[in-house]
Amino acid sequence: MKKDSKKLYTTDGKVQTLTNDIDVNQKLSKILGKKFSDYRKIWDKANNMEIVTDFPLFLHLDMNQECNYKCPHCIIGHPEEVAENYFGDYLNFKDFKKIIDEGAEHGCPSMEPQGNNEPFLIKNLHEYISYANKKGFIDIMLNNNGSALTKKRAEQIIDTGLTRLRFSLDAFTQETYSKVRVGSIPLERVIRNIDNFLELREKKNYKLPLVGVSFCKMKQNEHELDDFIKFWTNKVDMISIQRFVPPTPNVKKYEKYYASDTLKEDPITEFKCVQPFQRVVIKNKSIAPCCVSFNKNLILGNIDTTSIYDAWHSPKMNNIRKLHKEGKFYLDKTCKDCVDLIYPNNQINNLSL
Ligand SMILES: C[S@@+](CC[C@H](N)C(=O)[O-])C[C@H]1O[C@@H](n2cnc3c(N)ncnc32)[C@H](O)[C@@H]1O
Ligand code: SF4
Ligand code: SF4
């Protein structure tokens with residue numbers, strides 16, 4: 001087992017990926033060739049804050065907030081918080097095409113048509129992905145809860161150009177699954193959907209998408225992590241262990257979900273967020289510099305009136321990048337709240353200046 005990311009500064013540090021053989025991006029480079037490895041080289045430079053690309057490398061589309069589950073660790077499990085933090089119309093296929101077309105014009109390599117929602121509830125999701133693939137996006141990824149990926153949907157999605165497909169499970173036993181994935185179908189049926197998808201991929205002799213499972217480590221499920229890893233090793237291409245982060249600064253409500261080891265960590269000495277160097281998040285129709293749900297104050301514009309290019313080069317976006325490059329996240333209230341949520345023992349703040 002190898003740990004995927006060795007980046008020092010990244011909110012991607014919230015996710016660790018375990019693979020059976022080589023690193024996931026090396027594997028994808030072998031399958032997809034030079035175009036993919038070139039994009040990853042630029043990605044690494046952006047992640048190290050060595051460059052600011054002319055256009056985001058990653059378009060993350062938080063298209064709607066519809067889900068059939070109500071996981072208590074996720075904002076979607078709390079409709080009152082969704083109402084507080086999301087506004088504006090959902091993205092439709094026309095909006096999607098407009099965004100993808102702009103990305104294609106600038107050679108944007110990667111995208112994710114999923115945010116805080118269940119992507120397979122979008123009936124023609126495969127058409128969205130095919131469209132992005134045909135427009136030249138070479139790395140298209142998705143998380144899903146596995147409940148709606150039936151054999152029919154698997155047939156529809158498998159050759160659309162999707163590169164990474166992750167199933168979020170967060171549990172090894174049914175007992176824990178029902179607690180952390182409230183409103184879910186039986187775990188056994190989700191596992192069957194994953195097995196069916198893997199069988200289909202094998203039958204068609206496809207290398208892609210790479211398939212993973214994920215586990216958001218919390219107080220309520222941490223005792224099952226080892227069994228989870230043992231069970232899924234050799235079945236899937238990657239296992240992601242996510243760090244639980246409260247979805248809003250409503251700490252009192254969410255602190256009971258922090259994993260025990262998170263609470264025992266030493267305070268961080270430095271933090272720089274890389275998301276504004278990688279991506280924009282289209283949150284319904286708003287353009288945001290990152291994926292956190294409570295980033296109202298960081299919104300850069302609306303897709304009906306602002307291009308992604310202009311948002312990416314706007315003074316507001318440049319300022320967020322500058323702030324993080326200099327390690328001064330605490331100068332922005334949203335970023336300070338965000339870091340305090342990721343690292344509950346954080347002691348870096350404006351007072352220490
Ligand atoms: C928001 S979900 C959306 C996609 C799909 N519904 C799913 O469950 O995979 C995407 C990922 O975010 C994770 N997630 C949700 N709330 C989280 C939190 N508070 N901290 C860390 N990860 C979280 C989920 O476990 C899932 O793996
Ligand atoms: S299934 Fe995904 S989007 Fe839905 S509540 Fe759970 S984590 Fe959130
Ligand atoms: S709020 Fe700030 S620190 Fe948090 S993800 Fe967004 S840009 Fe990064």
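A residue is counted as surrounding a ligand if its C-beta atom, placed from the backbone, lies within 6 Å of that molecule. By this criterion 17 residues surround ligand 1, and the closest are Cys74, Asn143, Asn145, Ser168 and Cys216. The elements that give two or more residues to this shell are β5 and β7 (210–217), strands being DSSP runs of E of at least two residues and helices runs of H or I of at least four, numbered from the N terminus. The shell around ligand 1 divides into 6 nonpolar, 9 polar and 2 charged residues, where Ala, Val, Leu, Ile, Met, Phe, Trp, Tyr, Cys and Pro count as nonpolar, Asp, Glu, Lys and Arg as charged, and the others, Gly among them, as polar. Around ligand 2 lie residues including Cys67, Tyr69, Lys70, Cys71, Cys74, Asn145 and Ser168, and the shell of ligand 2 has 5 nonpolar, 5 polar and 2 charged residues.

The model is predicted, with local features requiring pLDDT of at least 70 and side-chain atom pairs pLDDT 80 or more, whereas totals for chains, interfaces and linings use all residues. Residues are numbered from 1 along each chain as its sequence is written, and chains are lettered from A and ligands numbered from 1 in the order in which they are written.

The protein chain has 15 helices and 11 strands. Its radius of gyration, taken over C-alpha atoms, is 19 Å, close to the 20 Å given for 353 residues by the globule rule (2.2 Å times the number of residues to the power 0.38), so the chain is as compact as a globular protein of that length. Buried residues, those with 20 or more other C-beta atoms within 10 Å of their own, make up 41% of the 353 residues.

The largest nonpolar core has 84 residues, and those with the most contacts inside it are Leu59, Ile99, Ala132, Val280, Ile282 and Ile287; such a core is a set of buried Ala, Val, Leu, Ile, Met, Phe, Trp, Tyr and Cys residues joined through C-beta atoms within 7 Å. Leu59 touches Ile99, Gly103, Cys108, Met111, Arg279, Val280 and Ile282, not counting residues up to four places away in sequence, a contact being a pair of C-beta atoms, placed from the backbone, within 7 Å.

Helix α5 (residues 125–134) has Leu125, His126, Tyr128, Ile129, Tyr131 and Ala132 as its buried residues. These are covered by elements including α4 (93–105), β4 (110–112), β5 (139–144) and α6 (151–157). After α5 comes Gly136, whose phi is positive, near 105°.

Conventions:
Buried ≥ 20, exposed ≤ 12 C-beta atoms within 10 Å, placed from the backbone. Contact = placed C-beta atoms within 7 Å.
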